[in-house]
Amino acid sequence: MPCLLLLALAGRLIQQERELAATRERQHREALVLDLGNRLAARLERIRLQVSAGVAAVPALELIAHRDGDSLQLPWEAGSSAFLWPASEAVRAAIAAGEREELAERAPARAIAHYRSAMAAATAPGEKAYARLLLARALHASGREPDALREYRAIAGLGPGVTDNQQIPIALYAVERLAALEGPSESLQSVLETFADSIELSPAALHLVADLVEGTSTLRERIDERIRRTEQAARLQRDIGRVLPREDEPRAWIPYGEPLWLVGATQVSGRNAVIAVSVEKLVRTMVAEDATLQGFDLVAGRDGGGESLGSAFPGLRAVLPQLRTSADEEAVARRHFLIAALAAVLATSLIAAWLLLRDVRREVRLADLRSQFVSSVSHELKTPLSAIRMFAESLRMGRATEPQQRDEYLEIIVNESERLSRLLENVLEFSKIERGDRHYKLEWGDLAEVVRAAVRAVQYPLQQMGFRLELEIAQDLSPVRIDADAVEQAVLNLLANAMKYSGTSREIGLRLEQSAGQAILRVIDSGLGIPLNEQEKIFEKFYRARNSDGVSGAGLGLALVAHIAKAHDGRVTVQSEPGRGSTFSMFFPLETS
Ligand code: ADP
């Protein structure tokens, strides 16, 4: 019952602990989401400000584009230096003359001067660069390779800002020529690198750069990534009206596309603009700055799970890092402790219950044996008493006329009363032991003498019942400290048992020997024997084995023998086999001085 109560209590405690942990985790989650939202907003705000201030390299920024109503002007479309064909009349005329000489007349040397004058007439950087490209071509065709290379290099150095009207930087054409003429070189790669980083390259220009980059390299990967980015920017250009419906949309950040961008509105040089920030790069820098955010991610839509980040980030959800606070760990430890304590209490209760049950069973058995004992003792008393009474009455009534018959009657009366007094002695002795009143008086004595006295005492019944006792006493036995009366009683009990449980056998052995520092007394019979599983129990008080059916006794004899042996610092053992007889051995330690 208390165990059940405890179980219920512990169950409740664990349940409460769980609920508490869940609430704690929810609160922690909410706080974390709030904090993450704030951090994200601050970071994006900083990007917004940096863009407005015209900072050149803003980390995680993917796109800045001017916005006019629902139309978005992508960076590569905004180039003011775009070379718009047809150019000015003077430049066009010079170029046409040059191309006639170079291509129709096949006189590139003569075309050189025309191209030079086209260059001189050009005002826009794109025009000038284009004329120069033609000049380099004519120089090369007329065999002036070093001059041609010098021109190409100069054009390659113009960078991504000077484009033709397809928004392809003219420098790229020069790079292409140089690569064809000289083969790939490091200086060309570094020129291409500056192109890869330029935010203003159109998708077409990027594809050209990608073609010029050799094989698969990190540069190539970067350019491929840039291509994907510009393609996404082109898609955003198409979708802007739906993504950020209002030009003056205040401060919200909208998730867009794959890879995921956050798109927001800002002002650049007094004009409306849209900026896009890479979520992946943003998350990466946030996690790098704060290791506890390991596992944190931002996703769009509900499919990716996560928690909403509030109205500043509609549609954006934060996947939170694994939450494991020290409070959680404490809770887990507390739970484990509780379970362990509960298990210990349960185990103790079970052990206690088992011990109790064992005790109760033992008591019940003892009570059984006691009641058996009372009936067997009464029976034991009754038999000799009625014999004594019967023969005494016969004598009194003068029924025994012959002196020999009278002697026989008297003999029986004496024997029966001796049996009676032995039984009473056992009972008295036993009750003394039970009360704790039995004290033994150990004195140096001769065990052989004690054994002989016992044999004398049983001589008559042995003879009467036709037993042959074989007595063997070793020579030169050392004196032993004994309580002679007690030991004699023990030997008498063993001999009485040997007679009682001999069945049809009429041989009994009694041996006294000395070995390994102890005196050993053995009583040997060839009678009924004792089943193995009862050999230990027969030394318990009141216990009578299965073989005792029909044999008188009270189950006290061997308990007394064991008690006496123990009082002498010795012990008693039995070796027995059912049907072949038993040997009871008492061991007495010899004192070595
Ligand atoms: P009891 O009065 O029954 O003889 P004991 O304490 O002397 O009581 O013996 C306990 C039981 O041990 C006996 O009931 C008997 O079953 C068994 N026992 C004792 N001695 C012998 C023996 N020599 N041979 C066979 N069984 C024996």
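View 1. With a relative accessible area of 2%, R48 counts as buried (buried means under 20% relative accessible area, exposed over 50% and partly exposed in between, with a 1.4 Å probe and protein chains only). Residues are numbered from 1 along each chain as its sequence is written, and the model is a predicted one, in which local features need pLDDT of at least 70 and side-chain atom pairs count only at pLDDT 80 or more, whereas totals for chains, interfaces and linings use all residues. Side-chain values use heavy atoms, with hydrogens and water left out. R48 forms a salt bridge with E45, their closest N and O atoms lying 3.3 Å apart; a salt bridge here is a side-chain nitrogen of Lys or Arg within 4 Å of a carboxyl oxygen of Asp or Glu. The two residues are 3 apart in helix α1 (residues 2-52), and therefore about one helical turn separates them. E45, at 25% relative accessibility, is partly exposed. Helices (H or I, at least four residues) and strands (E, at least two) are DSSP runs, numbered from the N terminus.

View 2. E89 and R92 form a salt bridge whose closest N and O atoms are 2.8 Å apart, and, being 3 residues apart in helix α2 (residues 89-104), they are separated by about one helical turn. E89 is exposed at 54% relative accessibility, while R92 is partly exposed at 32%. The side chains of R137 and E102 also meet in a salt bridge, with 3.0 Å from N to O. Because R137 lies in helix α4 (residues 125-141) and E102 in helix α2, this pair ties together parts that are 35 residues apart in sequence. R137 is partly exposed, with a relative accessible area of 30%, whereas E102 is buried at 8%. By the rule used here, the count of salt bridges comes to 36.

View 3. Helix α9 (residues 218-243) spans only 33 Å between its end C-alpha atoms, whereas a straight helix of 26 residues would span 38 Å at 1.5 Å a residue, the expected span being 1.5 Å times one less than the number of residues. A kink of about 50° in α9 is centred on Q237; the bend at a residue is the angle between axes fitted to the seven residues ending there and the seven starting there. Among the buried residues of α9 are L219, I223, R226, I227, R229 and L236. R229 also takes part in a network of salt bridges that links it with E62, E225 and K281.

View 4. Over 3 bridges, β3 pairs in the antiparallel sense with β4 (residues 261-268), and I254 stands opposite V263 in β4.

View 5. V523 is found in strand β13 (residues 518-525) and is buried, with a relative accessible area of 2%. Leaving aside neighbours within four places in sequence, the contacts of V523 include L494, L495, A498, S582, T583 and F584. V523 and M586 are 63 residues apart in sequence and 8.8 Å apart in space, C-alpha to C-alpha. Strands β13 and β15 run antiparallel and are joined by 7 bridges, with R522 opposite S585 in β15. Strand β14 (residues 571-577) is likewise joined to β15 by 7 bridges in an antiparallel arrangement, and E577 stands opposite G581. The hairpin of β14 and β15 has 3 residues between the strands, and G579 in the turn has a positive phi of about 85°. Because 8 of the 9 residues of strand β15 (residues 581-589) are buried, the strand is largely enclosed by the rest of the structure.

Definitions and conventions
Pairing = 2+ DSSP bridges. Contact = heavy atoms within 4.5 Å.
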